[in-house]
Amino acid sequence: MIHRAVAPKGAKRGWVLDADLKSAFDKIDHKFLLERLGTFPAREQVRAWLKAGVVDKGRYSPTEEGTPQGGVISPLLLNIALLGMEEAAGVKYNPDGHVRPGCPAVIVYADDFVALCHSRQQAEAIQGKLSIWLKERGLSLNREKTRIGRVSDGFDFLSFNIRRYRTSQGGKALTRPSRDAMKKIRRRLADELRDMRGASTAEVIYKLNPVIRGPGELLPVRGVHEILPGAGQLPVAAALQVGSPQAPQEEPEMGHRPLLRPVQPAQAQQVGLRRPGNRRLPPQVRLDEDRPARAGPGQVLAL
């Protein structure tokens, strides 16, 4: 949806309200949420879920507001609470499903959303409207993570960076992994390499290949090399030697003859081509003399 709004040639929405809800799952108003459910048959069951509390590491915590982040039903309940955000921001659609010209485009995913606007004044107006609209639901914008900027300067959404570049042909929109996402990946790889230092070869192989369940199941491999990108600029090379193939040991005698016998390979013979005109069978092919062929009832054909 973001790409459809900023990528076309001559796109008019050049400003973005990059917003984040402050403790969205923890601050949902139970009363407002139950009112939105109306006469839903499982309304009382949802009420019991909301008031049940949370047990974390053996400690019980009551839940007077909000819904546990990570709970199976929590994303659905948040969507119910945020239903109508586009209308509150002033988004209107044509019969074909496209946003009308002049209106902002709002894209929501869980507690993150962006509003693509035509001007900075429009983005500021939407921010003020949504602040009042969210307050009725017990929610608020995270001031530290909410900003207004140009699409040409780029903005992050769901670990990706979206930016529209100016070109001679008008512009080009690119979506790439964000810097914060790449930092998290490098930090995770650095932690994994730090855990591998000082470990035995079998333990390192086990961590690199989780399919192998234990050191006792390692296959005799010669010269296993893995290149692991480290946290710094230079890659960290880990050359791992895991033994060499060994000849299988002879099976003990079982007191009976083996089922399989050694077979001598057949000698290769020269294969010739048969001419199309030679349709006769070779002289070595003969009918079985022990099986007389009957020509008819009561008659035997002599060969």
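Predicted model: local features only at pLDDT ≥ 70, side-chain atom pairs only at ≥ 80, totals over all residues.
**First stop**

Select Asp 156, Phe 157, Ser 159, Ser 178 and Asp 180, which lie nearest the centre of the largest pocket, among the 25 residues that line it. On a 1 Å grid over the protein atoms alone, a pocket is an open set of points where a 1.4 Å probe fits, with protein on both sides within 12 Å along at least five of seven lines, and lining residues have an atom within 4 Å of a point. The volume here is about 670 Å³, meaning the space filled by probe spheres set on the points, which are joined across faces, edges and corners.

Next, colour β1 (15–20), β7 (155–157), β8 (160–165), β9 (172–177) and α7 (179–196), each of which supplies at least two residues of this lining; the largest share, 4 residues, comes from α7. The lining divides into 7 nonpolar, 6 polar and 12 charged residues.

**Second stop**

Now select Arg 4, Ala 5, Arg 13, His 98 and Val 99, which lie nearest the centre of the second largest pocket, itself lined by 19 residues and with a volume of about 350 Å³.

Key:
Residues numbered from 1 in each chain as written. Heavy atoms only, no water. Nonpolar A, V, L, I, M, F, W, Y, C, P; charged D, E, K, R; others polar.
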